[in-house]
Amino acid sequence: MEPLSQVSYPGKKQDMKTQDVDATVYMNFMKSHCCYDAIPTSCKLVIFDTKLQVKKAFFALVANGLRAAPLWDSKLQRFVGMLTITDFINILHCYYRSPLVQMHELENHKIETWRGDSFQNVYLQSSNHFLISIAPEASLFDAIYSLLKYKIHRLPVIDPGSGNVLHILTHKRILKFLHIFGKKVPKPAFVGKQIQELGIGTFRNIATVQQTATLYDALSIFVERRVSALPVVDEQGKVVSLYSRFDVINLAAQKTYNNLDMTMQEAVRRRTCFFEGVLKCYPDETLDIIIDRIVKAEVHRLVLVDRADVVKGIISLSDLLQAMVLTPAGIEDLLS
């Protein structure tokens, strides 16, 4: 891991650090707890062999409600990466309009072929060929640093002795751990401030998709902007739904990935999983309220809107962890 650099912060995030003497509370909490502490007593872990058919792998993700799984190479006898929904999106986006490859041909390939591990076919040329992981004894602070630095959403916790994957750490799990056990530490003053005052989140060049746009358009935005969800908006810019990367995996289960020209309105309507509506927040709400809402709803982000429901920003788990843990440590904004 790279040494933590000391940098200065312009604007409101610097104000948050300098004005609150207790701004380092959450940072110290994460440094004093290891990854093993955040592993639940009971959890589901699915591992794929790289020789498994792609179709079966994605069906297994859907059936188990998972977004990713570690990949085991039986020849190398080690974990070599992760199969994620991002892989599926990249394949769909790259080959949907390709005259050279039929989509039904791809699903019968093995994972190793899909990832480009095989010399015969290289379908994912931009795929990471190394596994970013962390030891159970490492601090949760180190885990947050790795998640944000490498812009990943899942971090395998691997036992250095046995080489076994113990758990897949996520932003959601870490924030939930803090929400449950962080009540024992003093609450910093900055959590009582309004989110607009703190400047936490993305407020410029927000990635959205029109409800009249095609599903292929949405995949293009996922690939180019590297976002995990898109607010679906109407002609006035009002949010009417939210379409996430996880929704895309259902295309595999429904075998509807040959019809990416459907409108987003249709794609949202065809969504099979339960959708409770767009979880929103407002600029005048406090950070404490935002954290409580995002943890209890078990979502990855909130859509920041004005009172007319026009999209004004996105507040993600990454934004919260950056502001609450890394910024007080003097670590530059890893999300930029």
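## The second largest pocket

The residues that line the second largest pocket are Y26, L175, L178, H179, G182, K183, V185, K187, D288, I291, D292 and M324. Keep in mind as you explore that this is a predicted model.

**More about the pocket**

- The space in the second largest pocket comes to about 220 Å³.
- Two helices, α8 (171-181) and α13 (287-297), each give at least two residues to the lining of this pocket.
- Sorted by class, the lining of the second largest pocket holds six nonpolar, two polar and four charged residues.

**Where α8 meets α13**

- How do these two helices cross? The axes of α8 and α13 cross at roughly 115° and come within 10 Å.
- The crossing of α8 and α13 is a left-handed one.
- On the α8 side, the contact uses L175, K176 and H179, and on the α13 side it uses I291, D292, I294 and V295.
- Four nonpolar, one polar and two charged residues make up this contact of α8 with α13.

**Where α7 meets α8**

- Helix α8 also meets α7, and the axes of α7 and α8 come within 11 Å, crossing at roughly 145°.
- Here, too, you will find a left-handed crossing, between α7 and α8.
- From α7, the residues in the contact are L140, A143, I144, L147 and L148, while α8 brings H171, I174 and F177.
- The contact of α7 with α8 has seven nonpolar residues, one polar residue and no charged ones.

**Where α7 meets α14**

- Helix α7 (residues 140-149) packs against helix α14 (residues 317-326) at an angle of about 135°, and their axes lie 11 Å apart.
- With that angle, α7 is oblique to α14.
- The α7 and α14 crossing is left-handed.
- In α7, the residues F141, I144, Y145 and L148 meet S318, L321, Q322, V325 and L326 in α14.
- By class, this contact of α7 with α14 contains seven nonpolar and two polar residues, with no charged ones.

**A look at the cavities**

- How do we know where to look for gaps? Rolling a probe the size of a water molecule over the atoms shows where empty space is left.
- How many cavities of 30 Å³ or more does the whole structure have? A search finds three of them.
- The second largest cavity contains about 70 Å³ of space.
- Ten residues, written as 10 in the count, line the second largest cavity, and Y243, D247, L251, A267 and R271 are the closest to its centre.
- Helix α11 (residues 245-254) gives the largest share of this lining, with four residues.
- Five nonpolar, two polar and three charged residues form the lining of the second largest cavity.

Technical notes. Residues numbered from 1 in each chain as written. Predicted model: local features only at pLDDT ≥ 70, side-chain atom pairs only at ≥ 80, totals over all residues. Heavy atoms only, no water. Axes fitted to C-alpha atoms, helices over the stretch in contact; angles between N-to-C directions. Parallel < 35°, antiparallel > 145°, perpendicular 65-115°, else oblique. Left-handed = near helix turned anticlockwise from the far one by under 90°. Contact = heavy atoms within 4.5 Å. Nonpolar A, V, L, I, M, F, W, Y, C, P; charged D, E, K, R; others polar. 1 Å grid on protein atoms, 1.4 Å probe; cavity = no way out; pocket = protein on both sides within 12 Å on 5 of 7 lines; lining within 4 Å. Points joined across faces, edges and corners; volume = space filled by probe spheres on them.
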